[in-house]
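Here are a few friendly notes to read alongside the structure. Please keep the sequence and the 3D view open as you go through them.

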Amino acid sequence: MRWEDFRASTNVEDRRGMGIPGGRGGLGIGTVIILGLVGWALGIDPRLLIGGAEMVAGGRGGGQVQQQGRQGTPQDEAGRFAAAVLGNTEDVWRVVLPQQVNREYRAPKLVLFSQATRSGCGHAQSAMGPFYCPLDQTVYLDLSFFEDMQRRFRTGGDFAHAYVIAHEVGHHVENQLGILSRVQARQQEVGERERNQ
């Protein structure tokens, strides 16, 4: 099966090429790096620390994303690919979740961005890689991550790229089932080896 055969989701917001609105209130790169290192050392998800610092700095208002991109299926090939993979996850989970746990599936939004954007969890940067924010039930993806996979890890291709998107959607399913917060809490309680298991 080819990705071109999948139904493309319209649940996509394309912010690529947009800057952070207002240009103020965000954290500097040094602060983001320091918070990332602190999070890593303490076993805390750095996105939570960065999001909290954004709130204190006034970088976001009440958890609402302050940026609006183009809604719907993107027209470029990379954007269409991401929308097709998202559409396939929607089609699968709309059947599987009710069958397995008798719950309706509510699809997440996918935000495509370049370099940086705002999320319900705070400031998002390309360096963070793809991530799911449970506060706004959105997957954030800078498509340049796929180039990084090829360059740094010598891996790529449609299957690997689709896996990345489906993995983040998996976190959304965990969130819908109420287990994401329990998993994250447990990860903070254990060492790195057990966390990876």
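Helices (H or I, at least four residues) and strands (E, at least two) are DSSP runs, numbered from the N terminus. Please bear in mind that this is a predicted model.

1. The phi of N102 is near 55 degrees, a positive value in a residue other than glycine. Most residues other than glycine have a negative phi. N102 is also exposed, at a relative accessible area of 70%.

2. Next, have a look at Q137, in the loop between strand 6 (131-133) and strand 7 (138-141). Q137 is not a glycine either, yet its phi is positive, at about 50 degrees. Is Q137 buried, partly exposed or exposed? With a relative accessibility of 31%, Q137 counts as partly exposed.

3. Now for the aromatic rings: the count comes to 4 aromatic pairs. One of them joins W3 and F81 in an edge-to-face arrangement, with 5.4 Å from centre to centre and 85 degrees between the planes. The pair links distant parts of the chain, 78 residues apart: W3 belongs to the segment before strand 1 (12-14), while F81 sits in helix 3 (residues 77-101).

How values were computed. Residues are numbered from 1 along each chain as its sequence is written. This is a predicted model: local features need pLDDT of at least 70, side-chain atom pairs count only at pLDDT 80 or more; totals for chains, interfaces and linings use all residues. Side-chain values use heavy atoms; hydrogens and water are left out. Rings of Phe, Tyr and Trp (its six-membered ring) pair if their centres lie within 6.5 Å; planes under 30 degrees apart count as stacked, over 60 as edge-to-face and the rest as tilted. Buried means under 20% relative accessible area, exposed over 50%, partly exposed in between (1.4 Å probe, protein chains only).
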